[in-house]
Amino acid sequence: MRGSGPESDIVISSRIRLARNLAEFPFIRRCSPQDRKSIEKMVHDRLQAIPGFNTLYYLRVDELAHVDRQFLTERQLISREHAEAEGARSVAIDNDERLSVMINEEDHLRIQVMKSGLDLHSAWQQINEVDDQLESKLSYAFHERLGYLTACPTNVGTGMRVSVMLHLPALVITNQIEKVFRSLQKINLAVRGLYGEGSQAMGDFYQISNQITLGKSEEELIGQVSGVVPMIIEYERKARDFLITQNREDLHDKISRAYGILCTAQTISSEETMHLLSSVRMGVNLGLIDDLAISDINKLFVETQPAHLQKLRGNELDTAGRNIERALYLRRYLQDRGKEHRDERN
Amino acid sequence: MKCQQCEKPATFHITELTGEKPHELHLCEQCAQSYLTQNPSGGMPIQPSLAGMLHHQLKVADTAKELAKLDEQVCPICGISFYEFRNQGRLGCPHDYTCFGSELDPLIVNIHGDTQHSGKHPKHHRQSSQDQTRLIQLHNDMKAAIEKEDYERASQIRDEIRKIEEGES
Ligand SMILES: [Zn+2]
Ligand SMILES: [Zn+2]
């Protein structure tokens with residue numbers, strides 16, 4: 001993510017996903033390998049026939065190397081399930097990696113639009129249009145009363161999942177995060193931590209999404225999520241103000257040390273990197289670090305992940321090798337950026 | 001099969017859908033009761049457990065015999081049994097929403113608090129549910145025809161599929 005867009009100091013990204021199934025095939029679980037191939041081919045062919053869709057990158061996920069599938073997962077273009085599944089499946093991706101269409105995931109189609117910052121309304125406009133275009137070429141499984149039919153009854157109706165990824169370090173430090181969770185659950189919103197290499201929750205990133213998909217319109221569901229996000233942003237900003245007024249030295253010290261480790265480490269795990277980058281990100285937002293931009297940090301979050309490092313290096317690396325490569329990449333990147341910023345100022 | 005938490009026979013088969021992948025639990029009645037009523041603690045989100053809700057709902061009406069009978073119900077279009085759905089938490093085809101309707105509707109109310117879609121509708125293709133079921137059937141027939149190398153029949157079926165898809169039937 002570019003680190004731009006509304007509220008991008010706290011909101012990393014906004015994402016909307018639609019689950020759709022074709023009327024003429026069973027759901028994925030009951031598809032034969034032949035069915036999966038037919039679906040894959042049919043969707044591909046019809047996508048090509050839509051003006052503006054013939055420029056999409058089209059990748060056969062089952063034919064990709066493991067590291068390439070992982071790479072797409074790290075860029076959030078496909079789900080982990082899609083990367084690891086079996087049988088014919090693919091993904092279509094647009095040039096700026098904002099739109100992706102997974103074919104043969106849990107549902108025949110999973111359409112996703114992602115935006116930087118808090119921008120659910122334009123994400124909805126775009127995905128709604130894409131959905132209409134796809135639907136002009138494909139016949140969706142739709143029920144008069146239940147809406148779009150999905151493999152899991154938890155997605156039936158709109159088939160829509162709206163999520164916003166938030167960076168909430170100050171709420172974590174001030175132990176207020178649980179309180180936020182509990183109030184969100186009361187209004188039927190799900191909260192998830194961001195997971196890293198070893199599937200451990202990564203402290204400071206949280207994704208908020210709708211749980212209910214039936215009985216409310218798409219606009220109402222989006223309204224519910226986008227209505228609550230400004231309150232959380234406000235809450236996080238208050239916690240940051242509190243930290244900086246109460247204990248500026250300690251906070252500055254913690255952030256500077258985090259930055260120092262990232263600039264000098266010789267080997268570093270992905271968990272530690274995430275954790276330190278989180279501190280540095282808050283430091284940039286609070287003006288305590290001035291030779292980096294938020295976009296640099298967002299980029300580092302993505303590019304220090306395992307598949308990205310292996311692609312960068314050009315060969316497979318084990319955990320120890322990745323930790324060394326990650327540290328090397330961080331040192332070089334941060335030195336270069338720091339130098340550029342100092343030059344700009346001089 | 002034995003209960004995963006004690007030595008008694010497992011009579012409840014619960015599929016948790018809250019994690020990354022469906023996760024199966026086999027428990028006796030007592031252990032299932034305490035499992036289903038426990039409160040998820042800590043910072044993890046409390047999400048609806050599909051199997052837990054299904055269990056609760058089935059419990060109301062059932063005797064073991066009735067449940068077994070229910071489990072044997074099979075969708076005529078995709079062949080999934082109610083037991084398989086209960087176990088995997090995923091349906092087999094769009095028609096399952098109709099053929100398992102009496103069990104699914106209360107579950108859907110539990111999850112969403114509603115059974116009436118009020119969002120967008122497809123603009124171009126608006127077949128009835130029956131037409132959609134017919135589409136899956138025709139598709140199967142076409143596959144069979146191609147396997148038998150009966151291409152004339154296959155192309156007839158293809159035309160029929162087109163007609164339904166284009167809303168002419
Ligand atoms: Zn037991
Ligand atoms: Zn079925």
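**Entry 1: a term first**

Contact here means heavy atoms within 4.5 Å. I keep that in mind for everything below, and I also note that this is a predicted model.

**Entry 2: Gly157(A)**

With that cut-off in hand, I looked up the neighbours of Gly157(A). Leaving aside residues up to four places away in sequence, Gly157(A) touches Leu146(A), Gly147(A), Tyr148(A), Thr213(A), Leu214(A) and, from the other chain, His117(B). Where does Gly157(A) lie? I found Gly157(A) in the loop between β7 (147-148) and β8 (160-167) of chain A.

Next I asked myself: is Gly157(A) buried or exposed? Its relative accessible area is 0%, and buried means under 20%, so Gly157(A) counts as buried. I also checked a pair separated along the chain: Gly157(A) and Ala19(A) are 138 residues apart in sequence, and their C-alpha atoms are separated by 9.7 Å.

**Entry 3: Asn21(A)**

My second residue was Asn21(A), which sits in the loop between β1 (11-20) and α1 (33-48) of chain A. Asn21(A) has a relative accessible area of 1% and is therefore buried too, by that 20% cut-off.

What does the side chain of Asn21(A) reach? I found the backbone nitrogen of His108(A) at 2.9 Å. A polar atom of that Asn21(A) side chain also lies 3.0 Å from the backbone oxygen of Leu149(A). Not counting residues up to four places away in sequence, the residues that Asn21(A) touches include Phe27(A), Asp107(A), Ser139(A), Tyr140(A) and Thr150(A).

**Entry 4: the two domains of chain A**

Then I stepped back to look at chain A. Its domain assignment gives domain 1 (11-239) and domain 2 (247-344). I noted that their C-alpha centres lie 28 Å apart. How many residues of each domain are in contact? I read off 18 residues of domain 1 and 18 residues of domain 2. The area buried between these domains of chain A is about 1,700 Å², and carbon and sulfur atoms give 59% of that.

I looked for charged pairs and found one salt bridge across this domain interface. The side chains of Lys311(A) and Asp68(A) meet in a salt bridge, 2.5 Å from N to O. Between the domains there are also seven residue pairs in polar contact. On the side of domain 1 that touches domain 2, the elements giving two or more residues are α2 (66-74), α5 (169-173) and β10 (201-210) of chain A. The largest share, five residues, comes from α2(A). By class, I listed nine nonpolar, four polar and five charged residues on that side of domain 1.

**Entry 5: chain B against chain A**

The contact takes 53 residues from chain B and 60 residues from chain A. About 4,800 Å² is buried between them, with carbon and sulfur atoms giving 50%. Which residues of chain B lose the most area to chain A? They are Tyr97(B), His112(B) and Lys120(B), together 16% of what that side buries.

I counted seven salt bridges between chain B and chain A. One that I looked up joins Asp131(A) to Lys120(B), with the closest N and O atoms 2.7 Å apart. The elements of chain B that give two or more residues to the side touching chain A are α4 (82-88), α5 (96-99), α6 (101-112) and α7 (129-147). By class, that side of chain B has 21 nonpolar, 22 polar and 10 charged residues.

Note on methods
Residues are numbered from 1 along each chain as its sequence is written. Chains are lettered from A and ligands numbered from 1 in the order in which they are written. This is a predicted model: local features need pLDDT of at least 70, side-chain atom pairs count only at pLDDT 80 or more; totals for chains, interfaces and linings use all residues. Side-chain values use heavy atoms; hydrogens and water are left out. Domain bounds come from an automatic or database domain assignment. Buried area is the accessible area (1.4 Å probe) that two parts lose on being put together, summed over both. A salt bridge is a side-chain nitrogen of Lys or Arg within 4 Å of a carboxyl oxygen of Asp or Glu. A polar contact is a pair of N or O atoms within 3.5 Å; within protein, one must be able to donate a hydrogen and the other to accept it, and residues adjacent in sequence count only if both atoms are side-chain atoms. Helices (H or I, at least four residues) and strands (E, at least two) are DSSP runs, numbered from the N terminus. Ala, Val, Leu, Ile, Met, Phe, Trp, Tyr, Cys and Pro count as nonpolar, Asp, Glu, Lys and Arg as charged, and the others, Gly among them, as polar. Buried means under 20% relative accessible area, exposed over 50%, partly exposed in between (1.4 Å probe, protein chains only).
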